[in-house]
Amino acid sequence: MDSMLIVSCSHGKHLGYLIAKKLKKKHSNLIVDKFPDNELRIRFDPNLKNKNIVLVQSFYKNISDCVIEVIFAAQTAYELRAKKVVLVAPYFPYLRQDKRFHTGEAISQRLIAGLIDKYFDAVYMMDPHLHRKNKLENVFKIRAKKLTANNLIADYIKKHIPNPVIIGPDEESYKWARNVADTLGVESTILEKKRYSSYNVKIKLNKKISLKNKNTVIVDDIVSTGYTILETLKILKKLGAKNIYCICVHGIFVNDALNKLKKAGIKVISTNTIPNKVAKIDVSGVISKSLIEV
Ligand code: R5P
């Protein structure tokens, strides 16, 4: 649609421009700065009247600021007479907190979805972490579209990693690990994980798998602290794995996670849903194709 305008928010610039270029649509950056007391100020430069606005924002680092920014931007776009406002979230946050794990805790997934429902016409996201609510339509009331980098990951492995065997580090990772393995027609196994805290996970092997003379590729949606991958490494080493790769969709890599993984001898690769030093798989094509329908 000609009236589409792609607007990169503060954490969407690495993809917004690429998406607009692929779609041959106009692009602009949201102007975001802060008042001395840390309040956010946002401003649109172009005229938004009668336009379909696509806000691109990946929610990492200062997640709360990222959330406030898109809500202010969406409401402002409507006030400036935009026709439609759509959110593209290469990485969308708070989906893992999908139940009250401890007494008195907020169910953040439900709360963030409520906010997005209120301010947007639709939301598109890459590989959302869905577990107990396993479909986006059970999480959001607005149109919510799930996109996946699985085929891109499979293509990357095909081009760069011969003779692979795929490992999913926990039960939830099968949606990525098994799917990628099936696409490539190679062997895979899914491990069992128990999480005790953010930095304490234990991983178990259920089914023996031969890693001899293979490149071992751990595939998961998110790497955050990296502890899931480091625990997985212990098992893989016991099995005699030599060449170990980790490919994830969302490389959050908090603190020194990426260095820890590299020091442990793992070759890490991610998509560019979140910009980082190992973001070698570009998701802008998948996102732009999906936006044709906006
Ligand atoms: C959760 O189940 C996800 O799929 C990842 O395995 C998890 O978020 C990784 O977290 P971390 O890197 O902190 O262990």
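This is a predicted model: local features need pLDDT of at least 70, side-chain atom pairs count only at pLDDT 80 or more; totals for chains, interfaces and linings use all residues.
Start with the protein chain as a whole. It has eight helices and 16 strands. Its C-alpha atoms fill a box of roughly 60 × 45 × 35 Å along the principal axes. A compact globule of 294 residues would have a radius of gyration near 19 Å, and the protein chain comes in at 20 Å, so the two agree.

Now zoom in on the ligand, which sits in the largest pocket. Around the ligand you'll find 15 residues, and the closest are R96, D220, D221, T225 and T228. Which strand gives the largest share of this shell? That's β13, with four residues. β13 spans 215-223, and β11 (192-197) and α6 (227-238) also supply at least two shell residues each.

Next, look at a few individual contacts with oxygen atoms of the ligand. In K193, a polar side-chain atom lies 3.1 Å from a ligand oxygen. For D220, one of the closest residues, the distance from a polar side-chain atom to an oxygen of the ligand is 2.7 Å. T228 is also among the closest, and an N or O atom in its side chain is 2.5 Å from a ligand oxygen. On its own the ligand has 380 Å² of accessible area, and the protein covers 95% of that.

Key:
Residues are numbered from 1 along each chain as its sequence is written. Side-chain values use heavy atoms; hydrogens and water are left out. A residue is near a molecule or strand if one of its heavy atoms lies within 4 Å of it. A polar contact is a pair of N or O atoms within 3.5 Å; within protein, one must be able to donate a hydrogen and the other to accept it, and residues adjacent in sequence count only if both atoms are side-chain atoms. Accessible areas come from the Shrake-Rupley method with a 1.4 Å probe; for residues, only the protein chains shown count as cover. On a 1 Å grid over the protein atoms alone, a cavity is a set of points where a 1.4 Å probe fits but cannot get out, and a pocket is an open set with protein on both sides within 12 Å along at least five of seven lines; lining residues have an atom within 4 Å of a point. A molecule sits in a cavity or pocket if more than half of its atoms lie within 2 Å of its grid points. The radius of gyration is taken over C-alpha atoms; the globule rule is 2.2 Å times the number of residues to the power 0.38.
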